[in-house]
Amino acid sequence: MDALITAAALALAAGDVLGALKRVALRNDAPALALRGIAMARLGDLVRAKLLLRSAARAFGAKEAVARARCVVAEAEIALVSRDLGWPATALDAARATLEAHGDRANAAHAGHLQARRLLLIGKLDDAEHTLAGLDPTPLPPASAAAHALAVAGLAVRRLRITEARSALAGAERAARQAGIAALLEEVKSASLALDAPAARLITRGEERALRLEEVEALFATDTLVVDACRYAVRQSGSAVPLTSRPVLFALVRALAEAWPADVPRETLVARAFRGKEADESYRARLRVEMGRLRRLLKPLASVNATPRGFVLAPHHDGGVAVLAPPMEGSHGEVLALLADGESWSSSDLALALGASQRTVQRALEALVLVGKVLSLGQGRSRRWLATPVVAGFTTILLLPASLPAG
């Protein structure tokens, strides 16, 4: 490798992007193209960066498998930043295997971190945890060590292991400072701030207050029967009854939990669950059927008892009843949860992350645009979506896919 390429690579590693570009801006050989691609990515021109990296990968010869693999890893990082979740993960798997086979442990580990972060975004927490468990951060350079710690922290937050998350973020900050990369330090800072921001609202006995993630973690460890309006489940002491696919039953149990220890009139339940204006005999019959279904599902955790005027929730333990609600009520919170990371998303990648159809996501985005919570950029297939500044700081980790284990 010639002196200019070496100097440009060292400048990039130190965070001096412009200094790197000055050394290779007029060159079109494979190493220079790769370095220019990485530099453009650091400057935010992701489209140009992707083209340069693909050109570099083609320009490297058949005997330069490691160099080509590094280009693939760099392109995968751009795909992750630009939320291109449909980018072929198999290409990253192959690149990581090539790097490991040739002893490039630092870049192989970086590929592993990218794999883990993508898996976190699409809610595959077990796969992400397995990937991270196979990575040893000990020999990594500071920048890669910071990336590893950020991935570990992200998983811990999604698992609601907040003490572990804080410890990992402290390690990420130390490594980022040692690396001297401002963008990395900013990423660590943003992740740390999210831990102290309101993550949910606790509603109990007619009163409500904001909770941080640590307080949510503590709540789930108690005997309190929690009607989780973030994840549409009923939880108690590590047990959970998921109601994601049963919106009527969830509406009923939330109404009962908000009124607890009092009962709820049948008219109120009909209005909440069926949008009915009057509890006539047909609605009453339907309410009895749905309450029977709810009673069977909640049997391990609580009873649902009839009263002269309605129904009342009776938990089996003495920990009381609470509702855990998002900081901001409204439809399509799971879409806002993803957009709140500040990145621009395509509707197809939002659908992939949420496990929903693209048309469902498009309808949600259109509804959010109408209420001023989402902005769109571009047209057609290049259209991207962003949260407005009003909701961009909304801590929504509890609404992300698979963020809370069922048991």
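# Getting to know the chain: questions and answers

Reader: Which residue lies over the face of Phe220, and at what distance from the ring centre?
Author: This is a predicted model, and in it the residue over the face of Phe220 is Arg235. The distance from Arg235 to the ring centre is 5.6 Å.

Reader: Okay, stepping back, how many helices and strands does the chain have?
Author: The chain has 407 residues, and buried ones make up 47% of them. Its C-alpha atoms fill a box of roughly 85 × 45 × 35 Å along the principal axes. As for secondary structure, the count comes to 19 helices and 11 strands.

Reader: Which residues touch the most other members in the largest nonpolar core?
Author: Nonpolar side chains tend to be buried together in soluble globular proteins. Here the largest nonpolar core has 78 residues. Another core, of 34 residues, lies apart from it and includes Leu225 and Val264. Back in the largest one, the residues that touch the most other members are Leu213, Leu324, Leu339 and Leu398.

Reader: How far apart in space are Leu213 and Arg161?
Author: In sequence, the two are 52 residues apart. From C-alpha to C-alpha, Leu213 and Arg161 are separated by 9.0 Å.

Reader: What kind of pair do Phe274 and Tyr283 make?
Author: The structure holds 2 aromatic pairs. In the one formed by Phe274 and Tyr283, the ring centres are 6.0 Å apart and the planes meet at 5°. Planes under 30 degrees apart count as stacked, so this pair is stacked.

Reader: And of those two, which one is partly exposed?
Author: Phe274 has a relative accessibility of 10%, so it counts as buried. For Tyr283 the relative accessible area is 24%.

Reader: Which residue of β8 is the bridge partner of Val264?
Author: β6 pairs with strand β8, residues 310-315, in the antiparallel sense over 2 bridges. Val264's bridge partner in β8 is Phe311.

Reader: Which residue takes a positive phi in the hairpin of β10 and β11?
Author: Strand β10 (residues 374-377) pairs with β11 in the antiparallel sense over 4 bridges, and Leu377 has Arg384 as its bridge partner in β11. The hairpin has 6 residues between the strands. The residue with a positive phi, near 85°, is Gly378.

Reader: Last one: which residues make up the covered face of β11?
Author: Strand β11 spans residues 384-387. Arg384 and Leu386 are on its uncovered face. The covered face has Trp385 and Ala387.

Note on methods: Residues are numbered from 1 along each chain as its sequence is written. This is a predicted model: local features need pLDDT of at least 70, side-chain atom pairs count only at pLDDT 80 or more; totals for chains, interfaces and linings use all residues. Side-chain values use heavy atoms; hydrogens and water are left out. A nonpolar core is a set of buried Ala, Val, Leu, Ile, Met, Phe, Trp, Tyr and Cys residues joined through side-chain atoms within 4.5 Å. Buried means under 20% relative accessible area, exposed over 50%, partly exposed in between (1.4 Å probe, protein chains only). Rings of Phe, Tyr and Trp (its six-membered ring) pair if their centres lie within 6.5 Å; planes under 30 degrees apart count as stacked, over 60 as edge-to-face and the rest as tilted. A charge sits over a ring if NZ of Lys or CZ of Arg is within 6 Å of the ring centre and within 35 degrees of the ring normal. Two strands pair if DSSP finds at least two bridges between them.
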